[in-house]
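Here is a briefing on a single structure.

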Amino acid sequence: MSDPRPRRFTPRPRTTLLGALAVCLALAPAGAGGSASAAGPENLPLSGATVSGLHNTYDPAAFPYLARALDTGTSMIELDVWDDFITKEWKVSHSNPLGNSNNCVNATSPAQLYTGGANKNLESCLDDIRVWLSGHPGHPPLVVKLEMKAGFQATYGMGPDKLDQTIADHLGPAVFRPADLLAKPGGGQYATLDEAANAGNWPSREALAGKVMLEVIPGTVEEGNPTDTLWTDVEYARHLRDLAAAGRTARAQVFPAVHNAQAGDPRSRYADASIRPWFVVFDGDASTYLNGTVDTAWYDTHHYFLVMTDAQNVAPALDDKNPSPADARARVARLAAAHASVASNDWSALPEIQSLVLPRGVG
């Protein structure tokens, strides 16, 4: 499948209307994608497409600059975040809670994205994303996955409110917020994110060009800490629920995700039923989703957003870093058929795979 991202074409004198129509038909996805997919992948709703995403995109070993990861055309990047309640900033690194180890450079113009010192904080990473998008107008929607390695520290001023403010300050109107999904086209809003998703209220990819959608998951340190009884997913969902009750959902910048694959409705794990309708993003291991115990069509039927991680490990396993393009393409297509929204992987050297957009559920 050819690169589905919007491009500026130079008109050719001999191109006829019939010839242009033939090209459009050739580029349109085949299969039961509905009328939207027949018009092209960018006309699919955000919940109706499958894209490729990159794991741990901040890692300098994978990309010298965060902008280089974005240059691949990927539809998802991932940042590992630590709350530093002493300096009141969010650190970005894999394993250092008190320092930054990443490829963010705090650019203020596109020319600065590929120069200067790295190892900046989350605020700077968000600035790099904003600046990169400004140099790529009309870019398809980008998912930014935040893994809160040790969770929030709201008691020390590093909670969901602080994260929302940080994102709003550095990405501004580029963010596709929960309030945007809640908003009804004719006015008013849906009561919960679950209600909005089930109504199919996701905008088209074309309408979200230049936009960023952020999801947040609990981190590995948090999940392994037996003394941590309030994980990121629950804390942010409560925050979102309470903002909605106060009529202030516009402040929320992030979609909380249910982490780890599970059969049935995984939101049933939450004893507090009031937060369940605020989860419409799900994130877990691709191999578990495809092992025959999970009805992944359920996510598609309800228009939920489903991130499948470690796409390369689905049997038969592919090379972690550099599989053949044909094998990688087939793997993304397999996850598309299994109703993934994002096929997350570490294929940093395959831009033709990172830029794939396929109709979801078609295979």
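Helix α1 (residues 17–27) has the lowest mean pLDDT among the elements of the chain, at 32. Strand β8 (residues 305–309) has the highest, at 99. pLDDT is the predictor's confidence in each residue, from 0 to 100. Helices (H or I, at least four residues) and strands (E, at least two) are DSSP runs, numbered from the N terminus.

This is a predicted model: local features need pLDDT of at least 70, side-chain atom pairs count only at pLDDT 80 or more, and totals for chains, interfaces and linings use all residues. Residues are numbered from 1 along each chain as its sequence is written, and side-chain values use heavy atoms, with hydrogens and water left out.

**Confidence**
- The chain averages a pLDDT of 91, and 89% of the residues score at least 70.
- Residues 1–38 have a pLDDT below 50. Beyond near neighbours in sequence, this stretch has 32 contacts in the model (contact: heavy atoms within 4.5 Å).

**Helix packing**
- Helix α5 (residues 160–171) packs with helix α9 (residues 232–245) at an angle of about 75°, their axes 10 Å apart. Axes are lines fitted to C-alpha atoms, for helices over the stretch in contact, and angles run from 0 to 180 degrees between N-to-C directions.
- That angle makes α5 roughly perpendicular to α9 (65 to 115 degrees; under 35 is roughly parallel, over 145 roughly antiparallel, the rest oblique).
- From α5, the contact uses Pro 160, Asp 161 and Asp 164. From α9 come Glu 235, Tyr 236, His 239 and Leu 243.
- By class, the residues of this contact are 3 nonpolar, 1 polar and 3 charged. Ala, Val, Leu, Ile, Met, Phe, Trp, Tyr, Cys and Pro count as nonpolar, Asp, Glu, Lys and Arg as charged, and the others, Gly among them, as polar.

**Cavities**
- The model has 2 cavities of 30 Å³ or more. A cavity is a set of points on a 1 Å grid over the protein atoms alone where a 1.4 Å probe fits but cannot get out; lining residues have an atom within 4 Å of a point.
- The largest cavity has a volume of about 80 Å³, the space filled by probe spheres set on the points.
- Its lining has 8 nonpolar, 2 polar and 1 charged residues, including Arg 205, Met 213 and Phe 305.
- β1 (49–54) and β4 (142–148) each supply at least two residues of that lining.

**Backbone geometry**
- Most residues other than glycine have a negative phi, and most peptide bonds are trans.
- Ala 315 and Pro 316 are joined by a cis peptide bond, with omega about -5°. Pro 316 is in the loop between β8 and α12 (325–337).
- Lys 88 has a positive phi, near 60°. Lys 88 sits in the loop between β2 (76–84) and β3 (89–92).

Key:
On a 1 Å grid over the protein atoms alone, a cavity is a set of points where a 1.4 Å probe fits but cannot get out, and a pocket is an open set with protein on both sides within 12 Å along at least five of seven lines; lining residues have an atom within 4 Å of a point.
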